Amino acid sequence: MTDTPSTRTAQPGGPVSTGAPVVAMRGISMEFPGVKALQDVDFRLFPGEVHALMGENGAGKSTLIKVLTGVYTATAGTTQLQGGQVAFSGPAEAQAAGVSTVYQEVNLCPNLSVAENILLGREPRRFGSIDMAATRTRAEELLGRMGLTIDPGSILAEHPIAIQQLVAIARAVAVDAQVLILDEPTSSLDQDEVAELFRIMRHLRDEGVAILFVSHFLEQVYEIADRMTVLRNGRLVGEHLTKDLSRLQLVSAMIGRELGVLEEVERLAADASDEAGGTPVLEATGLGRRGSIAPFDLRIGAGEVVGLAGLLGSGRTELARLLFGADRADSGVVRVAGREVHLRTPRSAISAGIAFCSEDRKGEGILGDLSIRDNLVLAMQAARGWARPIPKRTKDELVEKWMTALDIRPNNPDALVGKLSGGNQQKVLLARWLVTQPKLLILDEPTRGIDIGAKAQIQKLVTELAAEGMAVVYISAELEEVARLAHRVVVLKDRSKVAELDGSASVDDIMHLIATSDSEQVAS
Amino acid sequence: MTTTTPTKRTVPALSRLPGIPGRVLPVIATFVLFVLLFGAGSVRYEGFTSGQVFANLFIDNAFLIVLAVGMTFVILTGGIDLSVGAVVALSTMVAAAALRAGLPAPVVILLVLAIGTGLGVLMGLVIHHFELQPFIVTLAGMFMARGLCFVIGVESISIKDPFFRALATGTIELPGGVVITWSVVIALAIVAAAVWVLHRTRFGRTIYAIGGSESSATLMGLPVGRVKVAAYAISGLCAAVAGLLFSVYMLSGYGLHAVGMELDAIASVVIGGTLLSGGVGYVLGSLLGVLVLGVIQTLISFQGTLSSWWTKIAIGTLLLLFIVMQRLFMRRTP
Amino acid sequence: MSTVQTAGAAGVLERVRGSRLLWPLVALVALIAANAARNPGFLSIRLQDGHLYGSLVDILKNGAPTLLIALGMTLVIATRGIDLSVGAVAAIAGAVTCTTIVGSSDPTSPAAALTGIGLALALCLVLGLWNGFLVSLLGIQPIIATLVLMTAGRGIAMLITDGQIITVRNDFYREIGAGFLLFPISILIALAALVAVALVTRRTALGLLIESVGINPEASRLAGLRSRTIIWTVYVFAALCAGVAGLMISSNVSAADANSAGLWIEMDAILAVVIGGSSLAGGKYSLSGTLVGALIIQTLTTTVYSMGIAPEVTLVFKALVVIAVCLLQAPKVRERFRRRRRSQDPTSPSSPSTSGSLAPEEDSPAPTAHEPAGDAASDSKQKVAQS
Ligand SMILES: Nc1ncnc2c1ncn2[C@@H]1O[C@H](COP(=O)(O)OP(=O)(O)OP(=O)(O)O)[C@@H](O)[C@H]1O
Ligand SMILES: [Mg+2]
């Protein structure tokens, strides 16, 4: 079969994508029991281009990638690599054929060292023995390329998710691949890290590598991508050159309608910020934990959104975990609504009206083998105790309400959460806590990996909840998001609180603060 | 059911002592406690502190050491092998029967090794390709191996082969008058080989990777299937070797040999600090684990006059003491 | 109306087909059928003096202890644990009861039996608390934590009986394991326990909580579950089940044999749970599966005797049946079956073979079904281009 560009909406053009595609997928369909994840999708990838695969959560992006790399066997359709028909039986074969992939969830071995995770399966050897010194040097070199200076001998699990993500990327770019696939590699990265990654991607592209890139950050896509393919509900919507498609067009292609919510969020946030202040829902004095975060004071009023900003490893998550009793504080006092509480366990925090969405969705959030319904009611059920099951009627109503409110797909409460797309898992997690009607909601990276429509939805929800009087702690690596939503921003640096800014603070202010305290540190 | 939702491994959050990586702590704990246990024996009983008592730990447990090495491979992948005790029995039975039938010793040895490895491969293939749970498949393997013993014969068969007899009686004298057997040499050689394989080959690192996260290992493009099957093959091979050592030790083949020995092997591995969930542990830890069990046995034999039930209770109590102390030791280190 | 009915019937059929219990059930029926073919009297059940007699009844009676222990084991396994000590606990329960009865002032009185039973169960409770303490509070791996009691427990039982087999003559006590209320009392007890557990775990939220602890303990903790308490509780329950099972075993023969009572019953119980479709990795469990699993194990044992299979090959036979049942019920195997059926069906699109790797020369013809679908897709692309 020959390529038939006449049916395409966008012709290959410009400096990139001359010649034949490296990857050409035709008529790909993929069915899971009860879900048609992909229906007759065509996709092609040219050498020397960065190609963004766009679509909402659950659109089928990751599935298409997994079909390409042989993780799944498509129900129908064909894949060609360099013009030759391929059907990989698994990632190992795909890798051997020059397709290097970073999958969406960090897929590394937490028990092994960073160096091993990068080089596993291709360690330098001498006389049949792995050459440890060479492995280490090689790993250091690859990490250096990513701008990372961590110890290659350290165990992967000791590092935060963002570092793990970078390690996964380092592994993928360590080989001379002709195709590099990056499924949401930037979801937990800082600006600087993203910049570093893009530098590498551009470099590889210029060397002729074909790069497939998935991200929900439109700015990133417009910055790096030459071309994009848009999926919606498992169907192909179109293929376009980036320069031919405005953001608005892209968004409406992705969600199939105009996006009105975004502007609404801006307005709501502005409204809500006027109501800031009031009785403190939570007041922490001198709260801290050795080796985790230095003692800090924090006051959160009803209806207030407090943002936590800081670089990776600055202690954002650690602070949140103390407030939730997930880790036990070894100093300080917490008062909820004026009364002192002892947050020994999450359970005690929950009964004090605190809720916490962990950033580690897979490890600390969802229960993959349970249905959406069970996941949704779990926290509420746990709080009621086992002997008082939630009546079926109430349960159905709650599930129905929140599944609709957050637009969780597939719209089937019996679907197993482990099989949902990443974004939808996040929504289920959020809904689990909203069901309990907490007084204080702690959200750690709630919009990571979430598509822009849903992101806007969640941001809107946060402002609405705040307007109704809920106190919210909002953690995000995206400073814009924090600056936009928060009435107050707490800046963290090196595991201690360094400043508190009011709602008028801009991204630049926060950045400046992080930077200056940095230089202070260096100076001292 | 379990394969599609990899949950995050809870690698014990051990911080480090200066210079010691957190994950060797359990091995060190085992070592320290082993020394304490041995010391306690020395204080309590006369003649406990001789080099020969120590050497006897190896002599009497050579087969268990080999078994524990094989088990370590399997447990590191996150699996388990319950068949090993039965494979030991089968090996003794096959060896005894074949020798009685007049086959030359080298052929018998090869035959036994082939049977053990073959069973391991078979179980590994079933586990990997049909995604059945290792516990069940190897439990069935255990029934199968024991059953085959009885198919060969229900009586104990003694071994008269000169080579086996020579191995059984042959000793090596170490400086200091301490005597060990060839079994000990074989067992320690296997330990050394296993350490090398696990730490210095891609195959070995893949074993760890699979234990860390099988789905990740697959997505990383590692040959998960082959390595997993190989782990069970190694366990089968080790069980066969252990069976040969055991036939040398007992100079007989019997279907009721080594009943429950799989649990001893698993206990040794776990005592040595290996996590049953896979991905974390060391062969040397397993060796220490065997020695701990050995010391417990030795303590009891030195005590002498225990009835069989007090022996059981004592073993249980010492085991308990040990794991609780190990646990507390690891908790306290900040 | 008839169409509705057929649709309903088809639905049930579909459900049965999709159920993981199907193949274990088939295996059970096949085993029974094989027995019946060999020995026509196998299926017959007689009523005599208000008792039911027959091989099937024997299976129920002898399977009761395994079922009960498997019941406790199901919940332990659902929390990602395992309990190897149940056999030893069963032996202890029998030993305590029998020695108490023998040592009482009137060894034939119900009061003596009740005292013994009470003491035995109280001790089992303590043993369960002990296991739970090691696992949930000290965080010791379940297999090794319960191995302690597995080893020491038999010693304790022998200590209690002084290494003797203790026989008792107590009609009240005999009833538990050997008595009949039309059906064997032992199976009635076991089934009652099963139903009670089913009601308690499925009508309340306990089942959900147990499953979530088994699936991911840390995520469950962060959702506010009392993971520790739940884990602790299931070990206590398992020990109690084992205790009652031990009473049945010893009561059936009116004796306590510390050495062999309940020997290897933990393996049978684990087998029953797994054959019933629960995963040893924790999470979802199936009580009805455990019931079927326990019946299969017992039928298998009975078959071996009733069909006169040589004792030498008993274990081989058992191994083969276990593997066969597990294979039939494995999702992976069933998926392959489905695939094969589908690929034989000419109307459905065939999936690309998974075997081939790079095959550049091969010019595989696209399935004809693709062309029209491809047009539709390009249509939709055209539409977007206009927007
Ligand atoms: N293994 C699976 N079993 C069943 N359904 C699945 C499986 N994997 C994916 N799905 C379903 O397929 C659809 C597409 O999922 P996919 O992960 O490809 O989405 P995505 O576009 O990558 O979304 P996101 O942006 O959230 O990552 C979803 O409806 C999802 O629920
Ligand atoms: Mg995805």
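The notes below take up the metal site and then the interface.

This is a predicted model, in which local features need pLDDT of at least 70 and side-chain atom pairs count only at pLDDT 80 or more, while totals for chains, interfaces and linings use all residues. Residues are numbered from 1 along each chain as its sequence is written, chains are lettered from A and ligands numbered from 1 in the order in which they are written, and side-chain values use heavy atoms, with hydrogens and water left out.

The magnesium ion (ligand 2) is coordinated at 1.9 to 2.1 Å by A:Ser62 through OG and by A:Gln104 through OE1; donors are N, O and S atoms within 2.8 Å of the metal (3.2 Å for Na, K and Ca), and water is not among the atoms, so the site may look incomplete. Because A:Ser62 lies in helix α1 (residues 61-68) of chain A and A:Gln104 in the loop between β6 (99-102) and α3 (114-119) of chain A, the pair ties together parts that are 42 residues apart in sequence. Helices (H or I, at least four residues) and strands (E, at least two) are DSSP runs, numbered from the N terminus.

The contact between chain C and chain B (heavy atoms within 4.5 Å) takes 53 residues from chain C and 47 residues from chain B. Between these chains the count is zero salt bridges, a salt bridge being a side-chain nitrogen of Lys or Arg within 4 Å of a carboxyl oxygen of Asp or Glu. On the side of chain C that touches chain B, α6(C) gives the most, with 12 residues.

| Class, side of chain C touching chain B | Residues |
|---|---|
| Nonpolar (Ala, Val, Leu, Ile, Met, Phe, Trp, Tyr, Cys, Pro) | 35 residues |
| Polar (the others, Gly among them) | 10 residues |
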